[in-house]
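User: I have a structure open and would like to talk through it. Can you take my questions as they come?

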Amino acid sequence: MQINMLYSKIHRASVTDANLNYVGSISIDKDLIKEAKLFINQEVQILNINNGERFSTYVIEGKKGEICLNGAAARKVAIGDVVIILAYASMSLEEAKIHQPTIIHVNEKNQII
């Protein structure tokens, strides 16, 4: 049996841009991608603390400090909103018992704290 577990989390990132005219995704600072152990094109769930929206998209590399929702997802956020970015992984029950997710906390400038 497989179970879906939290794999990675970027906690309380600030939305720096929302680009409706892009073909989908979330642009994330490449250093945050690396530290959170995320992959380009990986599916992530976005939780908007400001308005309660929860939606999925995929990761692309962004500029330093950037958290930008692109395409249709841009309608789910406003610049300055605080979001949680989650990724899950499917694993066996044995793996799940010992798994420790990667949790990254950031400040209002999306710098790791």
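Predicted model: local features only at pLDDT ≥ 70, side-chain atom pairs only at ≥ 80, totals over all residues.

User: What holds strands of a sheet together in general?

Analyst: Backbone hydrogen bonds pair them, in either a parallel or an antiparallel way.

User: How many strands form the sheet, and in what order?

Analyst: Eight strands, in the order β2-β6-β3-β5-β4-β7-β1-β8. The sheet is open and its pairing is mixed.

User: Which strands stand at the edges?

Analyst: β2 (17-19) and β8 (102-105). Each has a single partner strand, so one side of each has no neighbour in the sheet.

User: How many degrees are neighbouring strands turned against each other?

Analyst: On average 30 degrees, with direction ignored.

User: Back to β3. What is the phi of S25?

Analyst: S25 has a positive phi of about 105 degrees, although S25 is not a glycine. S25 lies in strand β3.

User: Is S25 buried or exposed?

Analyst: Buried. Its relative accessible area is 0%, and the cut-off for buried is under 20%.

User: What about K37, what is its phi?

Analyst: K37 is not a glycine either, and its phi is positive at about 60 degrees. K37 sits in the loop between α1 (30-35) and β4 (43-48). With a relative accessible area of 47%, K37 is partly exposed.

User: Changing topic: which residues make the nonpolar surface patch?

Analyst: M1, I3 and L93 make a patch of about 300 Å².

User: Where is L93 placed?

Analyst: In helix α2, residues 93-98. L93 has 34% relative accessibility, so it counts as partly exposed.

User: One more. What does the side chain of S14 reach?

Analyst: The side chain of S14 reaches the backbone oxygen of E108, at 3.2 Å. S14 belongs to strand β1, residues 2-14.

User: And is S14 buried or exposed?

Analyst: S14 is buried, with a relative accessible area of 11%.

Methods:
Residues numbered from 1 in each chain as written. Heavy atoms only, no water. Pairing = 2+ DSSP bridges. Helix = DSSP H or I, 4+ residues; strand = E, 2+ residues; numbered from the N terminus. Axes fitted to C-alpha atoms, helices over the stretch in contact; angles between N-to-C directions. Patch = residues over 30% accessible without salt bridge, like charges linked within 9 Å, V, L, I, M, F, W, Y side chains within 5 Å. Areas by Shrake-Rupley, 256 points an atom, 1.4 Å probe, with all protein chains shown as cover. Salt bridge = Lys/Arg side-chain N within 4 Å of Asp/Glu carboxyl O. Buried < 20%, exposed > 50% of the residue type's maximum accessible area, 1.4 Å probe, protein only. Polar contact = N/O pair within 3.5 Å; in protein donor to acceptor, adjacent residues only side chain to side chain.
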